[in-house]
Amino acid sequence: MTEKVICYEKTDSTNLRIRELAETGAEEGVIALAKEQSAGKGRRGRTWDSPKGDNLYMSILLRPHIDPSMASMLTLIMAYSVAVVLQKQFGTKTQIKWPNDLVLDDKKICGILTEMIMEENAIGHVIVGIGININRTQFADELLETATALHLGENISVNPESLAQNIRSEFWKHYTMFLEEENFAFLKEDYEALLVNKGRQVCVLDPAGSYEGKAIGVSDAGELLVEKADGQVEAVFAGEVSVRGIYGYV
Ligand code: BTN
């Protein structure tokens, strides 16, 4: 993969920077890295608090030739790649909260925002944005219960650029396989080993009506499989899924 990395001291949102570049024809592999974001974007219109410090804010431009229905798997592949690198580089065992969070001790340390932009009926481009709290100690009141950081200790200095580079190397490896296989089966087993949802009670906030069940794994398409009390298994493609015991779901 040919990469072009653009570093910002401060920007509004690395996802927005990549979107602008994509719209002027930038190729797959362009990366935006920032030390600080003034308007970090989270999922579902939320913000991603992005102070300056030992945190990572990165977005990657992809132009995959895949069916748009498969794009959500890119979030899963990135979540897996980040978890692998955190384990390899720091020995930190994070877990994946499907589809886009990494958790440590049941609190969020990383969020992923994947945005797909269509051109006619095909994918024009996809932006995968990653935010990781590394040594961050200050959180806004509303985040205290749900967010944490890797807390590697004062003596361990993390170079966000080299962490970002390692994450990308891991990601490109799985991304290439994904493009060849065109499904998630190749990573399913390894992914499930890190899946915090697995075997736990979850609540699916479906627009057609919320329901509870036990998460039993993911499908070959990367959907979360939820077994309801009556034994019926639902495949959740997208949406908000709370896991009992994490982020206040009791
Ligand atoms: C979430 O969990 O809601 C997703 C958060 C994604 C945050 C990252 S930080 C880098 C990139 N730029 C943004 O504006 N958002 C993503």
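**Ground rules.** I number residues from 1 along each chain as its sequence is written. The model is predicted, so I take local features only at pLDDT of at least 70 and side-chain atom pairs only at pLDDT 80 or more, while totals for chains, interfaces and linings use all residues, and side-chain values use heavy atoms, with hydrogens and water left out.

**Helix α3.** I took helices (H or I, at least four residues) and strands (E, at least two) as DSSP runs, numbered from the N terminus. I checked the length of α3, residues 160-181, first. Its 22 residues should span 32 Å at 1.5 Å a residue, and the end C-alpha atoms are 31 Å apart, which agrees. The expected span is 1.5 Å times one less than the number of residues.

I then listed its buried residues (under 20% relative accessible area; exposed is over 50%, partly exposed in between; 1.4 Å probe, protein chains only). They are Leu163, Ala164, Ile167, Arg168, Glu170, Phe171, Trp172, His174, Tyr175 and Phe178. I noted the general rule that an α-helix has 3.6 residues a turn, so residues three or four places apart point the same way. For packing I used contact, meaning heavy atoms within 4.5 Å. The buried residues of α3 pack against β1 (4-8), β2 (30-34), β3 (55-62), α2 (73-90), β7 (122-133) and α4 (185-193).

Asn159 caps the N-terminal end, with a side-chain oxygen 2.8 Å from the backbone nitrogen of Glu161.

**Helix α4.** I found Phe186, Leu187, Tyr191 and Glu192 buried here. Their cover includes α2, β4, α3 and β9.

I counted two strands as paired if DSSP finds at least two bridges between them. β4 (residues 95-97) and β5 run antiparallel and are joined by three bridges, with Ile96 opposite Leu102. A hairpin of three residues links β4 to β5.

Strand β5 (residues 101-104) is covered on both faces: Asp101 and Val103 are buried on one side, Leu102 and Leu104 on the other. β5 also pairs with β6 (residues 107-119), antiparallel, over four bridges; Gly111 in β6 is the bridge partner of Asp101. The hairpin between β5 and β6 has two residues between the strands, and Asp105 takes a positive phi near 50° there.

**Five-stranded sheet.** I traced an open antiparallel sheet in the order β11-β10-β9-β8-β12. β11 (233-236) and β12 (240-243) each have a single partner strand, so one side of each is left without a neighbour in the sheet. Neighbouring strands are turned by 40° against each other on average, direction ignored. Inside the sheet, four bridges join β8 (residues 201-205) to β9 (residues 211-218), and Val202 stands opposite Gly213.

I looked up Glu240, which lies in β12. Excluding residues up to four places away in sequence, Glu240 touches Arg43, Arg44, Arg46, Cys203, Val204 and Leu205. Its side chain makes a polar contact with that of Arg44 at 2.9 Å. Such a contact is a pair of N or O atoms within 3.5 Å; within protein, one must be able to donate a hydrogen and the other to accept it, and residues adjacent in sequence count only if both atoms are side-chain atoms.

**Ligand.** I found 21 residues around the ligand, of which Ser13, Gln37, Lys41, Arg43 and Lys108 come nearest; near means a heavy atom within 4 Å. A polar side-chain atom of Gln37 lies 2.9 Å from a ligand nitrogen. An N or O atom in the side chain of Thr14 is 3.0 Å from a ligand nitrogen. For Lys41, a backbone N or O atom lies 2.7 Å from a ligand oxygen.

Terms used. Axes are lines fitted to C-alpha atoms, for helices over the stretch in contact, and angles run from 0 to 180 degrees between N-to-C directions.
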